[in-house]
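Good morning, and thank you for coming. I would ask you to look at the sequence and the structure together while I speak.

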Amino acid sequence: MNAKKLLVGLLLVSVLLSGCTGSSEPQSPAPETPPADSTVSMVARNFEFSPSAIEMNAGDTLVFENQDSAPHTLTLTGPEPVDSGTVAPGGRWSTVLTIPGEYSFVCSIHPRMTGTLIVK
Ligand SMILES: [Cu+2]
């Protein structure tokens with residue numbers, strides 16, 4: 001009797017072990033990963049924003065890099081106004097825009113530097 005119980009126990013253990021290492025793993029639903037928020041880059045160069053027309057999705061990060069020899073600002077007007085303040089040459093600034101809509105932007109130091117941005 002004891003030997004039979006031991007044998008059943010061993011069988012059970014071996015079944016469990018093979019279940020863990022075998023190819024017939026239990027089907028668990030793949031974790032739902034929301035699309036990663038992406039980053040949109042924009043630079044100031046030669047006293048121009050590039051690109052000067054930008055589209056991004058709500059929740060994306062807008063990264064502004066000043067590749068010019070002069071300080072610039074990225075001053076956004078629209079549903080979610082935001083101002084980088086002065087970004088020194090070689091400097092970088094970023095913000096996350098969460099409110100969809102049409103924006104325009106300008107460098108407050110050089111008002112002829114303009115552009116448009118759409119948050120979808
Ligand atoms: Cu400027």
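Cys 107 counts as buried because its relative accessibility is 0%; buried means under 20% relative accessible area, with exposed over 50% and partly exposed in between, for a 1.4 Å probe and protein chains only.

This is a predicted model, in which local features need pLDDT of at least 70 and side-chain atom pairs count only at pLDDT 80 or more, while totals for chains, interfaces and linings use all residues. Residues are numbered from 1 along each chain as its sequence is written, and side-chain values use heavy atoms, leaving out hydrogens and water.

Which protein donors does the copper ion have? They are His 72 (ND1), Cys 107 (SG) and His 110 (ND1), at 1.9 to 2.1 Å from the ion. Donors are N, O and S atoms within 2.8 Å of the metal (3.2 Å for Na, K and Ca); water is not among the atoms, so sites may look incomplete. The spacing of the donor residues in sequence is H-x34-C-x2-H.

I turn to the sheet. Five strands form an open sheet with mixed pairing, in the order β3-β9-β8-β5-β6. Strands are DSSP runs (E, at least two residues) numbered from the N terminus, and two of them pair if DSSP finds at least two bridges between them. β3 (53–56) and β6 (82–83) are at the edges with a single partner strand each, so one side of each has no neighbour in the sheet. β8 (residues 101–106) and β9 (residues 114–119) pair in the antiparallel sense over six bridges, and Val 106 stands opposite Thr 114 in β9.

Note on methods:
Helix = DSSP H or I, 4+ residues; strand = E, 2+ residues; numbered from the N terminus.
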